[in-house]
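Good morning, colleagues. Please take a moment to look at the sequence and the structure on the screen before we go through selected features together.

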Amino acid sequence: MPSTHELISFTSLLIQRCSSITCLKQARQLHALILTSTPISHHAHSPFLHNHILTMYGKCGSLDGACLVFDKMPQRNIVSYNSLIAAYARLPSNANSAFEVLARMRYDCFSPNGSTFTSLLRTSSCLGDWFVGLAIHCQIVKFGVLCDAWVQTALLGLYSSYGDVNSAKGIFRNIDFKDAIAWNCIISGNLKNNSIWEGLYLFVEMVTKGAIPTEVTYSLVLNACARLGDHLCGRLVHGLVVVTGVPIDLPLQNSLLHMYTRCSDTKSALTVFRGIKSPDLVSWNSMLSGFAESGDGEQAVHLFILLLRAYAATPDEYTFAVLIDAVVELPPAEYGDPLHAQVVKFGCNQSVFVGTPLISMYFRNERTEDAERVFHFISKKDLVLWTEMITGYSKMGDGENAVKLFFKMGQEGHRFDSFALSSTLNGCADLATPRQGEMIHCQAIKTGCNEEMSVCGSLIDMYAKNGDLDAAGSVFSVVSNPDLKCWNSMIGGCSHHGKAEMALTLFDCIIRRGMKPDQVTFISLITACSHRGFVSKGKYLWNYMKENEIAAGPKHYSCMVSLLSRAGLLEEAEELISESPFQESCAELWRTVLSSSVASKNLAVGVRAADQILKSNPDDSASHMLLSNLYAVTGRWDRVLEIRKRIRGMMLEKDPGLSWIEVSKVLNVFWSGDQSHSRTDDVQAVIHGLQANLVVRSNLDEFDAKIAACYA
């Protein structure tokens, strides 16, 4: 039979064990052991044992257990109440109950102390109620515990969580002895509220004043460097970590990894990653993100395979989202499809975070049906997923489905944001349906997104492409400080309507405002010059691009070749094509030259252009037709017959033209040579009437000319 002294010693060991238990099952087992092994009379009237058990249940998240112990206590002290308040403070859903315990404590004539207010401040942060926090601050002053270091640190956290950085700074300045926890708290508060540089300055001040940074401090500062993309600063902090000899735990290693990957230094990131003895999923995800951001999709896939082979944890949504973004430029059959299979295997195919990049990947590879399958399989769709689907349709030129999906999204209760509105308007711009665009414009005004730059740019583009340049100009005129997209949309509209002078004037305004035009700007400008035959202006713009190091793409070469060819400068157009680095698009450029050769009857250039096209594609129907026309206008009928025979032998046919127009909310589609439309007879009657009017007008003009000649 153990002595009383031995039982008491054993009980003390059990009580010490209470502080380290975080598993509810173990907590109940330990509680049972204490009840069966402890001399009851020794602790019957002392709250010491009960307080430890209460705290243990609170740490395990068992409010029922904590409340039961509290209610059964024969005696309570201030620690008992503080332990129960702390238990409530740990669970945001029960935060209000902490204040009920405070009221009960005051009723039992106990005065709150620093520990009480520390828990209450944490509770107030969870509630997000600024007035409650302010009231607690007043009570702290009233009870004279403002000088308590833990209370001051909790106040720093409270005001930081409210975004009130100035109040947090005021509290921090009044702390006499600032320890590492206080410094970490104020640095963290600044970082949470996007005062990143201020947070870094505080770190420098901390080191200067002799405070010793902890691993938490370095983790915070490294995350700040990652957000800024400041590689040099991050390397300096890494050097401090090594020099000061601070214990490097896994969170600090993950912060180093995150900093290097965000700064595109995958080599250093890989060195850090290899130095982690037991990387967790955060480590793997950070490394995968680094490869994805650097465009190294193959390395990301290789690392993912290593993760599956060497690591016990299951890949999460973030893992797959990063991987899908990494392989978006790679062949989908080899990378995207197997990765999608892994998504299904691990049960992440219902996740919107994974579904959104999957849809983007399939649309980028023009696999609309696969994107639709992913979209329809996800039952709980968020705004980002809807917007990605609408954007995909718009980029594929399927404006009709983009508009349908937009309105369906609204019917399901989602609030439209600027991204959804902008993407849908881009889809409307490709349709001859201005009414749909006007309806979406109304939605933009209703949601208050009509002043967003992305929406304004899309509105201007939509109205301009639908033939209403005045409406586009009205939208543009109310934008107080238009960005480059708005300017480009307006220039593009002017170009589309043949108003080259206005487009060039807008370009001058861009330059005067100190903005830098981009590739889109010059496509519209050179196109406008091409339509109006402004050769010298077009050449000036081309030279401007070269002088300002704006890389010319395939569309720029196409516009410039069109400009020169229309002006009859076919030899210059040939020289420009030979300079083009985009050989895969040269066939289209040569076809432009061939078409202009027909108009200018330049047989030599036309034949050279045709040879270049037919060399790569002997069955090009359009080029054969143009070459036949060239021989016809130059009187080479023998060659015309030869090419006509070749065309008949190849059975080449041109695709019929397509046009559409919206009348009384009904979209009417017409194919060239098609007589199946229900109102074909009415259309033909109008055409005949127009032809008759043209004949009458021609006769009147001829009569007027004869009368004028008689009186001359």
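This is a predicted model: local features need pLDDT of at least 70, side-chain atom pairs count only at pLDDT 80 or more; totals for chains, interfaces and linings use all residues.

In which helix is leucine 134 found? Leucine 134 is found in helix α9, which covers residues 130-142. Leucine 134 counts as partly exposed, because its relative accessibility is 30%.

Let us turn to a loop. Asparagine 194 sits between α12 (180-192) and α13 (196-208). Is asparagine 194 buried or exposed? Its relative accessibility is 59%, so asparagine 194 counts as exposed. The side chain of asparagine 194 makes a polar contact of 2.6 Å with the side chain of arginine 227.

I now come to the cysteines. How many disulfides does the count give? The count comes to 0 disulfides. Cysteine 456 counts as buried, with 3% relative accessibility. Cysteine 449 also counts as buried, at 11% relative accessibility.

My last topic is the aromatic rings. The count of aromatic pairs comes to 17. One of them joins phenylalanine 320 and phenylalanine 346 in a tilted arrangement, with 5.9 Å centre to centre and 45° between the planes. Phenylalanine 320 lies in helix α20 (residues 317-326), while phenylalanine 346 lies in the loop between α21 (332-345) and α22 (352-364), so the pair ties together parts that are 26 residues apart in sequence. Phenylalanine 320 is buried, with a relative accessible area of 0%, whereas phenylalanine 346 counts as partly exposed at 26% relative accessibility.

A further pair is that of tyrosine 540 and tyrosine 544: the ring centres are 6.3 Å apart and the planes stand at 50°, so this pair is tilted. Both tyrosines lie in helix α33 (residues 535-547), 4 residues apart, about one turn of the helix. Tyrosine 540 counts as partly exposed, at 47% relative accessibility, whereas tyrosine 544 is buried, with a relative accessible area of 16%. Tyr540 and Tyr544 form one aromatic cluster with Phe507 and Phe522.

Technical notes
Residues are numbered from 1 along each chain as its sequence is written. Side-chain values use heavy atoms; hydrogens and water are left out. Helices (H or I, at least four residues) and strands (E, at least two) are DSSP runs, numbered from the N terminus. Buried means under 20% relative accessible area, exposed over 50%, partly exposed in between (1.4 Å probe, protein chains only). A polar contact is a pair of N or O atoms within 3.5 Å; within protein, one must be able to donate a hydrogen and the other to accept it, and residues adjacent in sequence count only if both atoms are side-chain atoms. A disulfide is a pair of cysteine sulfur atoms within 2.5 Å. Rings of Phe, Tyr and Trp (its six-membered ring) pair if their centres lie within 6.5 Å; planes under 30 degrees apart count as stacked, over 60 as edge-to-face and the rest as tilted.
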